[in-house]
Amino acid sequence: MSRNRLALAAVAVSASLVMSACAGGGSSDVAGAEAAPAAGGAATSTIDLYAYAVPKVGYDTLIPAFQATAAGKGVQFQQSYGASGDQSRKVAAGAEADFVNFSVEPDVTRLVEAGLVDTGWNAGEHKGIPFGSVVTIVVRKGNPKGIKDWDDLLEPGVEVVTPNPFSSGSAKWNLLAPYAAKSDGGKDAKAGLDFIGKLVGDHVKIQPKSGREATEAFLQGSGDVLLSYENEALFIERKGDPVEHVTPPQTFKIENPAAVVTKGKNAEKAKAFNDFLYTPAAQKLWAEAGFRPVDATVAKDFAADFPAPQKLWTIDDLGGWKTVDGSLFTKDVGSIAKIYDAATQ
Amino acid sequence: MTATTLPRGDSATEPDPPHDEPAGAPPTREGRRPAATAGRALGLGVVGLWLSVIVLLPLAALTVRSFDEGVGGFWDAVTAPVALAALGVTLGVSAVVALLNAVMGTLVAWVLVRDDFPGQRVVNALIDLPFALPTIVASIVLLSLYGPNSPVGIHLNATRWALVVALTFVTLPFVVRSVQPVLIELDREVEEAAASLGASNLTTFRRVVLPTLAPAVISGTGLAFARAVGEYGSVVLIGGNIPRETQVVSQYIQQQIEIDRPANAAAVSVALLAVSFLTLFVLRVWAGRNQRKEARSS
Amino acid sequence: MRTSRGTTLALRSVALVYLVGLLAVPIGVILWRTFEPGVGAFVASVQTPAAISALNLSLLIVAIVVPLNVLFGVVTAIALARWKVPFRGVVQAVVDLPFAVSPIVVGVSLIMLWGVTGWFGGLESATGVKVIFGLPGMVIATIFVTLPFVVREVEPVLHEIGTEQEQAASTLGASGWQTFWRITVPAIRWGLTYGVVLTVARALGEFGAVIMVSSGFPGVSQTLTLLVHSRYIDDHNTYGAYAAATLLMGLALVTLLGMTLLDRKRSTR
């Protein structure tokens, strides 16, 4: 008797579990990003988006805007955010993606080499870069340590938070900025590397895996200085956290590439989404979210929000990503990689 | 005692391998014997396959991959300074946590068994909470109290104290739940006798109670230690993950995966596995010996 | 041992202060933080599409893992308690092994076995079934960490009840199945149920092993525990993380209640 009751209870429990597991539930934390499925049972498609850690704040407004367009009607999104390199390796290792947005170009190149992304992904007008930013220095409210420029980071007792360049794209930009400034755009590599050696060896204590985790560690009290994207600095300032940012006179232009995974299930919709990102309307949304737009007209409108530093180095000044990644960041070979390993192993 | 306080000294407590067939099985069984034997063979096959696919094969793959770059590569990965530092932090903090548990767990068990106060049953039930609570929740719970917005003004996050608090939280039940049943069954007459012979409470506790409790205290402490060594979820938000300071081995391993050094991750995983396994092995041998001793003396 | 009133009170205070400081206060703080903006805010936060599907995914994993663990766990327990098992000491150790393995190590091991470059990596390209970064990986990880519970709760009961009743039943002509259903199952039911409750608690709460093998898509491959983490870290949404943690805590409390009730039942069997 009691066996039957037990079995019955077990069946009832599993049935209710399965049923509730089948109940609704969509993809996003933001209610607005959840577009109602197209009426009349029209087929909906889903774009799997893999991105680096910080542009979620932008996509939270861009995705609903895309869904409001004719091309984006009924398109659902599944979004994954994390350390750029880690995300890129996940996609290369088989995680399903239709659209990727990484912090640095080599993370897209990895997918090109894996045959997942078309070789012509960066052939367009903006070279596959829908938005950018600059490297900035985030300090505690009131700037108690008086940080103004790169040299201030090497003052005794200043602890700097920047993520791990082996997983994070943000970390690479953060180290390239002072490297370019100190080496005069790579001409005096030794001076640049000396600076990086002192910075990483004496002032960097923790190795968060992504730009976002670095922010979180900084906000929880670690360190005096956070190196980050300007957009991330704006994001946390707008959230009301007690920090402010200083953009040094010489800094680095961040270009965050986006690409369609041609082998993805929804390449067509992903392409529509990718194209949408470059439209003036979308560019305006990026700018409002704190990212520097690439569309010249929109950029002009927001010029006041994004002051131009005295000297803005670019990756091309250093010879492009291929050279930079090979000579500076490749594991066991690159100069910065070796400095970082020596300091952190 | 909950299942989580396992492994027990099974090898010692369990009866000798049971008879395959009940001795003198009645003749009526004879006809079904081949079927039953076949069923058992099938059952054993299923058990073997299940345990292999779920537990053994992954660990075997891990071990093999850890030697991807040869024995030298394995050794280099395990002895990298930051890896060693992570091991040191983990073992040190776990030892502190285990000792704290040994003292406070025994005390709590004593109060729950010998004392009598209103609300005792609620407190008793609460002890199991850390077993039921997801570890990430433990982490966020502790962060909300000891983190940057601490309402009591105590900032522990990203310090070793945070690790101690987090690990003590998740290992709380081990010693309590292993000492409690022993205390309940403790023969109080011996204590009374000791007292009537003029022994002070302290002497009675030291000479009579403690020796009886010791095996339970030690096994609970050992399990708490083993759990602390491998813990991840409860330290992930509050620990700070600072290499050489608060980064525990689990976090180091995860970092190696994230920066695409799977062979390093596998090698350090094998080292960590060896530590926890050794702890449990020592406990099991020790428990077995103890039980044999007890059996002999009774 | 008769302790004086003073000693008793002192011990009691130390124990209670310790438990209050370690357990009650932190939990009180998070409850207060969760419900301070009102119950409505909490409900809204756990009813976002991502939260609902995280809950669904957690429950789905439980619904898959529990029956598998019951089936294989009971067979393993019976084998260990009743049959002649070759290398039984080794088998016992293997069953206990998951207790000793760090969840992160579980994740790494599964990647080494099932990942695209792992031993079984060919399976994925051959069948298209994605194990790592898919539901199967999360299920396997959860089975790994919960494997011992059912076995370790059922096996001692089988030892305790002995074989007399089962023998008697078969003497009276009952078939193996009849004996199993009529004698064995009723005897082990509370132990089994207790094992299931422990499995459910651990399956709902597993974090380290699951985060290693999940692709982490909100709404698809994010369990409740991953949601807590991702809201805290990726979304910078502290309140949302508190709310999701409180939801998980509620589930844990229900489990705890079940454990307490069952423990009593089990011991008065």
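Reply: Happy to! In this predicted model, the C-alpha centres of domain 1 and domain 2 of chain C lie 32 Å apart.

Me: Where do those two domains of chain C run?

Reply: Domain 1 of chain C covers 1–36, and domain 2 covers 48–267.

Me: And how many residues of domain 1 of chain C are in contact with domain 2?

Reply: Four residues of domain 1 of chain C are in contact with four residues of domain 2 of chain C. On the domain 1 side, the residues divide into two nonpolar, one polar and one charged.

Me: How is chain B divided?

Reply: Chain B has domain 1 at 30–63 and domain 2 at 70–297. Their C-alpha centres lie 34 Å apart.

Me: Thanks! What about the contact between chain B and chain C, how many residues does it take?

Reply: It takes 84 residues from chain B and 84 residues from chain C. On the chain B side, helix H2 (residues 33–66) gives the most, with 18 residues. That side of chain B divides into 58 nonpolar, 17 polar and nine charged residues.

Me: Switching to chain A. At what angle do helices H2 and H10 of chain A cross?

Reply: Helix H2 (residues 56–67) and helix H10 (residues 280–288) of chain A cross at roughly 155°, and their axes come within 9 Å. That angle makes H2(A) roughly antiparallel to H10(A).

Me: Is that crossing left-handed or right-handed?

Reply: The crossing of H2(A) and H10(A) is right-handed.

Me: Which residues make the contact?

Reply: H2(A) brings Gly58(A), Thr61(A), Leu62(A) and Ala65(A), while H10(A) brings Ala281(A), Ala282(A), Leu285(A) and Trp286(A). By class, this contact of H2(A) with H10(A) has six nonpolar, two polar and no charged residues.

Me: Nice. And what is the strand order in the chain A sheet?

Reply: The order is S2-S1-S3-S9 in chain A, an open sheet of four strands with mixed pairing. Its edge strands are S2 (76–82) and S9 (258–260) of chain A, each of which pairs on one side only. Neighbouring strands of the sheet are turned by 15° against each other on average, direction ignored.

Me: In what sense do S3 and S9 of chain A pair?

Reply: Strand S3 (residues 99–101) of chain A and S9(A) pair in the antiparallel sense, over three bridges. Phe99(A) stands opposite Val260(A) in S9(A).

Me: Last one: which strands does helix H9 of chain A touch?

Reply: Helix H9 (residues 267–276) of chain A packs on the sheet and touches S1, S3 and S9 of chain A. Its direction makes about 150° with that of S9(A). Helix H3 (residues 84–92) of chain A lies across strand S1 (46–52), S2 and S3 of chain A, and runs at about 140° to S1(A).

Definitions and conventions. Residues are numbered from 1 along each chain as its sequence is written. Chains are lettered from A and ligands numbered from 1 in the order in which they are written. This is a predicted model: local features need pLDDT of at least 70, side-chain atom pairs count only at pLDDT 80 or more; totals for chains, interfaces and linings use all residues. Domain bounds come from an automatic or database domain assignment. Two residues are in contact if their C-beta atoms, placed from the backbone, lie within 7 Å. Ala, Val, Leu, Ile, Met, Phe, Trp, Tyr, Cys and Pro count as nonpolar, Asp, Glu, Lys and Arg as charged, and the others, Gly among them, as polar. Helices (H or I, at least four residues) and strands (E, at least two) are DSSP runs, numbered from the N terminus. Axes are lines fitted to C-alpha atoms, for helices over the stretch in contact, and angles run from 0 to 180 degrees between N-to-C directions. Angles under 35 degrees count as roughly parallel, over 145 as roughly antiparallel, 65 to 115 as roughly perpendicular and the rest as oblique. A crossing is left-handed if the near helix is turned anticlockwise from the far one by less than a right angle, and right-handed if clockwise. Two strands pair if DSSP finds at least two bridges between them.
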